[in-house]
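Subject: Structure handover

Hello,

Here is the structure I promised to pass on. Please open it alongside this note; my findings follow below.

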Amino acid sequence: MQQNSLFNKTRLRLAFWYASVMGLILSLSGFGVYRAIYHAHMVALDREIASVAGTIHDSLELKLQNVGQIEPIVYQLLPDLCTRGDPCFAKGTSEQNSNNNCRVAIYTSASFTRHILSVVGQGNYYLRLLDMKGCLIAFVGMPPEISSFPVVNQWQIIKDQQGNRYHQISFLLHTNRQENWGYIQLGRSFKEFDDYLSTVRIILFLGLPIILLLIGGSSWWLAGLAMKPIYQSYQQIQQFTADAAHELRTPLAATLATVESARKEQLEPLEMQNILTTIERQNRRLATLVNDLLLLSRLDRQSMTQRFESCCLNDIVSDLIEELSALAIASDITLTEQISVAQPLYVKGNLEQLYRLVSNLIVNAIQYTPAQGKVQVTLSRVDHDGLIEIHDTGIGIPPSEQKRIFDRFYRVDSARSRQTGGSGLGLAIANAIVQAHQGSIQVHSELGKGSTFTIRLPIERSIQAHIRSNP
């Protein structure tokens with residue numbers, strides 16, 4: 001329960017940091033997108049306003065003759081032009097301009113006929129004509145209810161009393177004789193643009209929490225996937241520790257019990273000799289188990305680039321058949337070999353480990369084969385690999401157990417393994433040795449019919465070339 005709590009806390013921290021980092025990245029990305037949209041629209045609007053203002057400015061300068069006066073021909077260019085003295089001009093109220101002594105009109109939302117020949121009459125644009133003092137002379141469209149003194153060739157953003165924004169630019173106007181006539185201000189309402197930006201902000205502000213929730217859920221799921229192999233490894237380590245402690249405890253307990261019984265009684269020399277033999281047997285079992293654990297530890301740590309020597313598989317198989325014949329005879333098992341290669345097969349490897357690999361499998365086959373059974377060891381070659389097959393007529397392995405037989409301390413038949421003194425590390429060591437030699441090991445088994453373990457090891461390259469040239 002405590003370990004689950006630890007892993008859940010770790011998973012939660014991973015999910016939190018992942019969601020936080022992703023949230024920060026998305027927030028910055030959203031802000032960047034918003035600024036990009038704002039900049040792109042502002043550039044487009046500036047170009048449009050500058051183009052319209054430049055066209056009207058150049059057209060007006062050709063038609064203006066006297067300073068401060070609007071020539072009748074101007075009304076042909078701007079038929080909606082509202083000038084001083086017109087009813088549309090008088091509808092506004094006045095306030096004192098702080099920059100000069102003229103009275104500047106403030107306009108109400110009167111309805112005007114739009115200019116059909118230019119963008120000024122399309123609703124969002126307005127145009128002002130001012131004299132050299134900055135006093136309003138005429139206007140077109142719907143200007144804001146506030147005015148600013150014109151700053152030549154400079155953009156201005158102004159706000160009316162309702163908070164609506166306007167973007168405008170001012171140019172100096174000349175007569176056709178190059179005299180300073182006054183100023184022209186062309187501006188555009190930002191209401192449509194601001195409404196669009198508000199919609200974008202709402203989408204970002206509402207969308208970001210939803211996305212963060214989705215990221216939080218997905219990060220929790222991904223953290224679970226990332227923690228799963230770690231959790232499984234942790235469980236395997238715990239199981240390995242428990243199994244190792246159990247295996248070590250059994251001979252230690254037997255040894256301790258034997259010593260305690262010997263201390264309590266006066267024993268005959270023969271009985272003392274039997275007790276010492278029992279202690280020696282248990283100590284040997286402990287030593288074997290410790291050596292197996294150390295071997296597995298070395299195999300787990302060793303580099304794939306370790307120095308190997310050239311090892312002959314033919315010699316390994318023949319030597320082990322000879323060495324284990326006595327064990328097979330004692331178990332009433334027929335142990336045979338079949339070498340199906342014309343040339344000796346050599347592999348790059350550790351000779352001691354390869355002997356241990358084949359020996360473990362042959363010993364297992366003998367131990368798990370009933371009396372009068374058979375164990376056959378076959379050596380052959382397939383493509384660029386050498387194959388060693390250990391086939392027995394033993395009890396077989398259930399299909400559900402075959403995937404776990406290479407796990408450390410795992411036994412298919414625990415009772416029989418303990419009778420034979422097995423620790424459950426033989427197949428785990430065999431599998432580790434095969435992986436260290438870049439090979440593979442497979443098992444095919446049927447209950448009551450026997451098992452076949454197949455070891456596949458890559459043949460040494462120089463030997464491969466010799467075999468191809470001398471089939």
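This is a predicted model. I began with the aromatic rings. Counting rings of Phe, Tyr and Trp whose centres lie within 6.5 Å, the total is four aromatic pairs.

Take Y126 and Y166. Their ring centres are 5.9 Å apart and their planes meet at 75°. Planes over 60 degrees apart count as edge-to-face, so this pair is edge-to-face.

Next, F190 and F193. Here the ring centres are 5.5 Å apart, with the planes at 75°. That angle makes the pair edge-to-face. F190 and F193 are both buried. Ring pairs also bring in Y38, giving a cluster of Y38, F190 and F193.

Look for T454 in strand β15 (residues 450–458). Its relative accessible area is 17%. That is under the 20% limit, so T454 counts as buried. What does T454 touch, leaving aside residues up to four places away in sequence? The list is L387, I388, E389, S440, I441 and Q442.

Then the protein as a whole. It has 11 helices and 15 strands. The protein has 471 residues, and 41% of them count as buried. Take the contacts with a separation of 6 or more: 68% of them are between residues 24 or more positions apart.

Last, the surface. Which residues form a nonpolar patch there? They are Y18, W221, L222 and L225. Together they have about 410 Å² of accessible area. Helix α4 (residues 191–264) gives the largest share of the patch, three residues. W221 lies in helix α4. Its relative accessibility is 52%. Exposed means over 50%, so W221 counts as exposed.

If you want a place to start, look at the Y126 and Y166 pair, then turn to the patch around W221.

Best wishes

Technical notes
Residues are numbered from 1 along each chain as its sequence is written. This is a predicted model: local features need pLDDT of at least 70, side-chain atom pairs count only at pLDDT 80 or more; totals for chains, interfaces and linings use all residues. Side-chain values use heavy atoms; hydrogens and water are left out. Rings of Phe, Tyr and Trp (its six-membered ring) pair if their centres lie within 6.5 Å; planes under 30 degrees apart count as stacked, over 60 as edge-to-face and the rest as tilted. Buried means under 20% relative accessible area, exposed over 50%, partly exposed in between (1.4 Å probe, protein chains only). Helices (H or I, at least four residues) and strands (E, at least two) are DSSP runs, numbered from the N terminus. Contact means heavy atoms within 4.5 Å. Patches are made of residues with over 30% relative accessible area and no salt bridge: like charges are joined within 9 Å, nonpolar side chains (Val, Leu, Ile, Met, Phe, Trp, Tyr) within 5 Å. Accessible areas come from the Shrake-Rupley method with a 1.4 Å probe; for residues, only the protein chains shown count as cover. A salt bridge is a side-chain nitrogen of Lys or Arg within 4 Å of a carboxyl oxygen of Asp or Glu.
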